[in-house]
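Please walk through this structure with the model open beside the text.

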Amino acid sequence: MTKPYTVIIGLEVHVQLLTRTKLFCRCSTTFGAPPNTQTCPVCIGMPGTLPVMNRAAFDLALKTAVALNCQIAPFTKWDRKQYYYPDLPKGYQISQYDLPFSHDGFLEISDPKNRFEAKKIGIIRAHLEEDAGKSIHDEVAGQADSRIDLNRAGTPLLEIVSQPDMRSAIEAKAYLSELKLLLTYLSVSDCNMQEGSLRVDANINLHVDTPAGKVATPIVEVKNMNSFRAVERAMEYEADRLWQEWQETQQRLGDVPKQTRGWDDVADVTRAQRHKEESSDYRYFPDPDLVPVRVSEAEIAAARQSLGELPADLRHRLERTHGIKPYDSDVMVSAGRGLVDYFVELAELCGDGKLASNWVQQDVMRTLNEQKIEIEQFSLRPPQLCALLKAIQEGQLDTSRAREVFIEMVASGKSAAEVMKAQGIEKVDENELVELCKELIAANPKIVADIRSGKLQAAGNLIGQAKKKNPNVHPGRLREIVIDLVGKM
Amino acid sequence: MSLLRHSAVELLAQLASGQTTSVALTEAYLGQIKQHDPQVKAFLRVDPQRALDRAAEIDQRRRQGEPIGRLAGLPVAIKDLLCTQGEPTTCASKMLEHFKPPYDATVIARLKAADAVLIGKTNMDEFAMGGSTENSAYQKTANPWDLARIPGGSSGGSAACIAAGMAAMAVGSDTGGSIRQPAGLCGVTGLKPTYGRVSRYGLVAFASSLDQIGPLARTAEDAAQLLEVLAGHDPLDSTSVNIPVPKYSQTVKQPLKNLRLGLVREHFGQGLDGEVEAAVRQAVEVYRSLGATVKDVSLPHARFGVATYYIIAPCEASSNLARYDGVHYGHRTDEKELLAGLAAERTALEAAGRHAEVDALDNPLVRMYRQSRAEGFGPEVKRRIMLGTYALSAGYYDAYYLKALKVRRLIRKDFDDAFQDVDLIVGPVTATTAFKLGEKINDPLSMYLVDLYTVSANLAGIGGIAFPCGFSAAGLPIGLQLQAPPFEEERLLRAAHMFQQATDWHRRYPALVS
């Protein structure tokens, strides 16, 4: 049923860039070190210190912005965003305000399950800034002590702000998945939400159909979403809640100040967060300690050169070259470049993209999951697996027996031929098969009668009997012969 | 002649020839400090033993023929806003009373590498905000020429200690005139380099786009020696400029031929003291006699200098000083008292039934910020933080900060235009000689106008030098200021040296230098 409103969602994503050192000093960015061990006078904002830009961080950000089809500003500067918070040691965050280094890009999303049409989500801007530290609130035994860990302070963050182009929770999740995949392919971030290297805030409202036309409801910002699934659920919840609210209040955009709500992952609801009436004034101004950054056309071209094949292009190539379906290309591309490379090698060796795709997605990926390993650590390399697929293609064994062989190959490290030999699997001679079928037909007049009357599934019984006599018979071929012989009777 | 009356260059020669030792020299200055600093109050901290140990170590290295730095054994005083590793760096603020930086400022590292003896940290206006050194949280420095008068500021301690013969050279910083103005009022030579010439790393920031570190010394030759050590690109300061540092100490002695001086029309208007004007005009005649030509130039936007400065500097200061919140740095108010005070306020409000006010009470964190900053900063610092916070606020930014930036560009353009026709701009440093302690302390506006002739150089980012060109009838020094195009410190020093070769104002000493 069509709902009487359109959901409007825009997302702000913060990603930590995978640099060795921080944005404005040379401290390590490694996650998980003991508190305040990855700090220096600069990143803890000690009096007298000065920031110096880490060019590697800027280059990673540039690469990402180019991959997001953004316009790159030839001249960009740093601004101070000023507010007081105990984990912000300077009393301001170095960010970019009115001249971000990139703007006006897009990311294309699609859904293999076809729940929405493929579309471009606009990117308003992507800018670079430093991360704050972490406050750890310890209220053990009523002590209410707060501690501060500044290891994270100064880690490079890329803030990517989308246009409000998403029209459903599913689209929001698809955007995040595609963005994460892109960032992973670019090796610019590990996108680990648990470790905080990818954080999402959402802005959502409704455009309600009324007799007087579309009416926008007040925008709500939703925070505290710790997984893509949480974003999806929060957006579903919030859209419903906004609809309820509209029906009760008829409040339009501008009637009330923007509200901030937090997602409660356990209770499955959003809750209003305390907010002040006046919007915070960050008193942005250009940071006089840093010089503006100029980006040349040559640098932009070099960034473009360094991108490699991006997920969207890769999916199209797999579909075109190996004849697989969008769903299958999506599963494999989403599993990472290593898996795709494995698939491509296998498909080229065995010459059957669909067969290779099935085996990679089912048996290979299941094994990786079970063993909790990456494709690079998987012992069965494409040439070995291809030998098994060839045996299937040649009718030496069926899929279910091949699966047993596969498991044994993985377990023992033996080749397909060795395992098949050990299990006595060999191709049965065609004449031998025909003889066997004649024997069975003679011995089972009732079943034959059933087959003759059109109950072709009755042949299954004969196949079962045949496999008892000779486990190597290929069930498909056997079935063909039986039906053929019965037909000639 | 007493060691105290020698220039640094003369002392370096005596050290090199073995005529004196660093220990003897350090003892002489320490003696002078001991005898007169209780009245002058130039120093916030002196560590005699440490200075003497360092002097002895350098003397020994010299005796043993080991390589030694270019300022080896020379006692140098440091303005107390330059970070010195493991030693207090207070910015003359209660806020940083207990701050001991774990690192050296780049200029301190350079001085140590040059084997200077760091004799002590000098007094200043709190966070360099002021023009009289009366804004120090610790003490008021006196002008060695008249102990009832101010030495200028904010580098008042550094200027006074040179005038009083308590150090061979001193390092200061200049945001709106804080080297040149006290140099002028104390009768010493002080140079504010071009923005970017000297690394600011380790200089506790007042206004980042205006601050610049520079030398204070007895003579232009001395200043050249010190600047050569201080200047140069620093990878830790991206605003420091990567261009070679001239050999100031060598070129300073070369007179400038066909020097073209510009006399700024706007500098000789209302408010300029007659004695100061006469001395400045007399100095210009000295230059004429040395072959210089003089012409009038105009800096039409100079009159907006002070107004522009008092927008930009407080804006940057309000941001730079945000880190002193009692969490990481600076004074933190007593926690028990704070919580007790809040609880008492709450009880009182509840008892009075004023529930709305109970809800509006600060949470303890916010109250800690407020109270720590209220206790840690002095009135002038608070005034500037408020000015800057206001000017950067939404709705005011364009009218104040952005407009000030535009005027700043016009002021720079004035200089660029003027330097089309002249090599240097010459004029007064201040409108009057040193005023009395306390005279302007309750009149911030007249205090701000003390920067009238100096702020424009900071706004334009160009260099300037101040040195004595006469004395008033009351015996107070009168300063002359030269300003040069960007990165022409060499020209400033050579011109000042020419003057000092022809005059002896810089070799006059207050009575307390025997």
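Predicted model: local features only at pLDDT ≥ 70, side-chain atom pairs only at ≥ 80, totals over all residues.

For the complex, the predictor reports an ipTM of 0.96 and a pTM of 0.92. Chain B has a mean pLDDT of 96, and 100% of its residues reach 70 or more.

Chain A contains 15 helices and 17 strands. Its radius of gyration is 30 Å, whereas the globule rule gives 23 Å for 489 residues; the value is well over the rule, so chain A is more spread out than a compact globule. The C-alpha trace of chain A spans about 95 × 60 × 60 Å along its principal axes. Of the 489 residues in chain A, 38% count as buried. Among contacts in chain A with a separation of 6 or more, 70% are between residues 24 or more positions apart.

Chain B contains 18 helices and 11 strands. How does its radius of gyration agree with that of a compact globule? A compact globule of 514 residues would have a radius of gyration near 24 Å, and chain B has 23 Å, which agrees. Along the principal axes, the C-alpha trace of chain B spans about 80 × 55 × 45 Å. In this chain 58% of the 514 residues count as buried. Of the contacts in chain B with a separation of 6 or more, 76% come from residues 24 or more positions apart.

The next step is the contact between the chains. On the side of chain B, 35 residues are in contact with 24 residues of chain A. Two helices of chain B, α10 (305-320) and α13 (364-376), each supply at least two residues of the side that touches chain A. Of the elements involved, α10(B) gives the most, with 3 residues. By residue class, the side of chain B that touches chain A divides into 21 nonpolar, 9 polar and 5 charged residues.

Helix α14(B) covers residues 379-391, 13 residues in total, and reaches 18 Å from its first C-alpha to its last, close to the 18 Å expected at 1.5 Å a residue. Which residues of α14(B) are buried? They are B:V381, B:R384, B:I385, B:G388 and B:A391. An α-helix has 3.6 residues a turn, so residues three or four places apart point the same way. The buried residues of α14(B) pack against α10 and α15 (398-418) of chain B. On the face of α14(B) turned away from the buried side are the exposed residues B:P379 and B:M386.

The buried residues in α7(A) are A:L339, A:V340, A:Y342, A:F343, A:V344, A:L346, A:A347 and A:C350. They pack against four helices of chain A: α5 (311-322), α6 (326-334), α8 (353-371) and α9 (382-393). Just after α7(A), A:G351 takes a positive phi of about 70°.

Definitions and conventions:
Residues numbered from 1 in each chain as written. Chains lettered and ligands numbered in written order. Contact = placed C-beta atoms within 7 Å. Nonpolar A, V, L, I, M, F, W, Y, C, P; charged D, E, K, R; others polar. Rg over C-alpha atoms; globule rule 2.2 N^0.38 Å. Buried ≥ 20, exposed ≤ 12 C-beta atoms within 10 Å, placed from the backbone. pLDDT = per-residue confidence, 0-100. Expected span 1.5 Å × (residues − 1).
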